[in-house]
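Here is a short report on one protein chain. It takes the disulfides first, then a helix and a sheet, then the chain as a whole.

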Amino acid sequence: MRHARRTARRITRLAAVGGLLCGSLLVTRAMANEPGAFAPPVPVGERLVDQLGAARTAGSWLDADGRTVVAVTDTGAAADVRRAGARAEVVRHSMRDLRSAAATLRAAPRVSGTAWSMDYGSNEVVVRADSTVSARDWSRLGGVARTIGASVRMERVRGTFTTRVDGAAPIFASGGRCSAGFDVTDGRDAFLLTAGHCGPVGTTWFARPGDATALGTTVSGTFPGNDFSLVRYGDGVPRARSDVVAIGGGRGVRITGAADPVVGQQVFRSGSTTGLHSGRVTGLNATVNYPEGTVTGLVQTTVCAEPGDSGGPLFADGLALGLTSGGNGNCDAGGTTFFQPVGAAMTALGVRLTGASGDDDAQAGAGSGQARPGGGDVAPVAPPAGSGAGAAGAGGTGTGVGTGTNMGGATDTGEGTASGTGGSPGTGPVAAISKVVTTRSVGPGLLVIGGSLIALVAARSLRSSRRGRGAW
């Protein structure tokens with residue numbers, strides 16, 4: 001009898017220890033896979049394209065299953081790609097051919113209302129023209145495309161390619177309304193990163209019309225050419241943690257770093273007019289000929305946007321990707337939206353994301369996802385990584401100043417329009433975002449660890465009890 005009890009006790013202890021090890025492994029894997037790590041994963045496709053060169057490859061993208069696909073021009077390169085664990089697709093035109101085609105289009109006379117980007121999947125440079133392009137200009141551009149050859153495809157699109165500034169209400173300036181992008185710092189001062197077309201150097205921004213205290217002033221930027229600007233926060237703006245992007249419904253996403261987007265990647269955009277929307281990256285290094293001028297090096301996506309969303313953040317997996325520039329269509333009919341890559345903007349301006357480096361000293365200035373001064377708003381405490389932040393008003397996500405929000409969206413001003421995506425649990429981009437702002441992925445491991453600890457404590461208690469009675 002005593003031997004059987006000892007055997008049972010040993011089995012219990014071994015099972016508990018095994019459970020602790022298993023639970024720890026589950027938690028470790030969950031944390032390793034949790035989006036928003038400080039260092040973005042190495043893009044396999046980009047690495048392979050760099051290694052094999054522009055003459056043997058033609059870009060990379062993610063397929064529907066999330067697997068990396070690399071376009072190659074010969075069987076030897078295809079074998080190298082497969083050995084690296086990616087899928088190879090043999091194509092006719094190399095990256096060198098596509099770049100040459102794009103360069104020829106740039107050298108042609110500028111036609112406002114046109115845009116082009118490299119479509120890696122179809123192995124073409126796709127030229128698009130909106131409804132403002134005349135038949136004469138379209139024919140002339142078609143002549144340029146014919147001289148290039150089969151690597152160029154031309155198509156018409158609905159609507160017009162415009163920057164997404166709204167001349168109506170709220171970030172209020174004389175030139176119109178935009179959205180806050182990401183908070184950045186140069187190590188001394190706090191700044192807001194937004195779109196360059198929102199306002200030239202010297203533009204003064206306010207959280208609401210009629211505010212006595214300015215939110216900040218644009219101190220640097222460029223548009224056209226690129227599309228980014230830097231707003232220095234005013235002295236009257238309270239210091240606050242500012243590494244959270246509000247996405248509506250009281251939720252937020254902690255931004256822990258920056259990365260370059262990948263074709264095929266699912267991305268999210270938040271803006272002061274339309275709130276949170278999602279889509280996929282369809283092209284890189286896109287060129288858009290806005291009426292105000294040409295912007296190059298943009299990210300092309302299927303995410304919708306409307307006037308007032310300009311400057312708002314593009315992000316995925318806790319990583320900053322871009323700033324809303326412009327596009328065509330709207331969030332009812334859909335359309336194409338282009339984004340200024342955030343990494344290129346920060347490099348040019350000499351700044352880094354606030355809080356992304358982990359130093360508390362950098363956390364100065366009010367940030368996207370935080371409430372702004374004026375009118376009784378209370379800035380919510382920034383949540384732990386991956387949890388909700390800010391109480392967005394009904395008019396938008398609160399990522400930027402806009403109708404129905406107040407630069408981070410604590411309370412609705414009553415002027416907003418519903419985004420249509422922020423308050424419906426279980427569906428749409430909010431549901432997808434929720435997967436990266438909860439701790440469900442570590443739940444099973446924590447349950448196993450908890451059960452194992454209980455088993456160990458129980459076994460020890462039984463042993464002590466039996467010793468007291470001389471039974472064990």
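Cysteine 198 is buried, because its relative accessibility is 4% and the cut-off for burial is under 20%. This and every other value here comes from a predicted model. Cysteine 178 is buried too, with a relative accessible area of 0%. A disulfide joins cysteine 178 to cysteine 198, with an S to S distance of 2.0 Å. The torsion about that S-S bond is -105°, and the link is left-handed. Which parts of the chain does the pair link? Cysteine 178 lies in the loop between strand S7 (162-163) and strand S8 (182-185). Cysteine 198 lies in the loop between strand S9 (190-194) and strand S10 (204-205). The two cysteines are 20 residues apart, and the link connects distant parts of the chain.

The structure holds 2 disulfides. A disulfide is a covalent bond between the sulfur atoms of two cysteines. The other one is formed by cysteine 304 and cysteine 331, whose sulfur atoms are 2.1 Å apart. Is this disulfide left-handed or right-handed? The torsion about the S-S bond of cysteine 304 and cysteine 331 is about 95°, so the disulfide is right-handed. This pair also links distant parts of the chain, 27 residues apart. Cysteine 304 sits in the loop between strand S18 (293-301) and strand S19 (313-316). Cysteine 331 sits in the loop between strand S20 (319-327) and strand S21 (337-341). Cysteine 304 counts as buried, at 9% relative accessibility. With the bonded cysteines of the protein chain numbered in sequence order, the pairing is 1-2, 3-4.

| Disulfide | S to S distance | S-S torsion |
|---|---|---|
| Cysteine 178 to cysteine 198 | 2.0 Å | -105° |
| Cysteine 304 to cysteine 331 | 2.1 Å | about 95° |

Next comes helix H2, residues 44-52. Which residues of H2 are buried? They are Gly45, Leu48, Val49 and Leu52. Seen down the axis of H2, these buried residues fall within an arc of 100°, so they line one face of the helix. An α-helix has 3.6 residues a turn, so residues three or four places apart point the same way. On the other side of H2, Asp50 and Gln51 are exposed. The cover over the buried residues of H2 includes S1, S2 and H3. Glycine 53 follows H2, and its phi is positive, near 95°.

S1 and S2 belong to an open sheet of 3 strands. The order is S1-S2-S3, and the pairing is mixed. Strand S1 (57-62) and strand S3 (87-90) stand at the edges with a single partner strand each, so one side of each has no neighbour in the sheet. From one strand to the next, the twist averages 25°. S1 and strand S2 (residues 68-72) run antiparallel, joined by 4 bridges. In this pair, serine 60 stands opposite valine 70 in S2. Helix H3 (residues 75-83) packs on the sheet and touches S2 and S3. The direction of H3 makes about 165° with that of S3.

Last, the whole chain. The protein chain has 8 helices and 22 strands. Of its 472 residues, 51% are buried. The chain exposes about 20100 Å², and carbon and sulfur atoms supply 54% of that area.

Methods
Residues numbered from 1 in each chain as written. Predicted model: local features only at pLDDT ≥ 70, side-chain atom pairs only at ≥ 80, totals over all residues. Heavy atoms only, no water. Buried < 20%, exposed > 50% of the residue type's maximum accessible area, 1.4 Å probe, protein only. Areas by Shrake-Rupley, 256 points an atom, 1.4 Å probe, with all protein chains shown as cover. Pairing = 2+ DSSP bridges. Axes fitted to C-alpha atoms, helices over the stretch in contact; angles between N-to-C directions. Contact = heavy atoms within 4.5 Å. Arc of directions from axis to C-beta. Disulfide = S-S within 2.5 Å.
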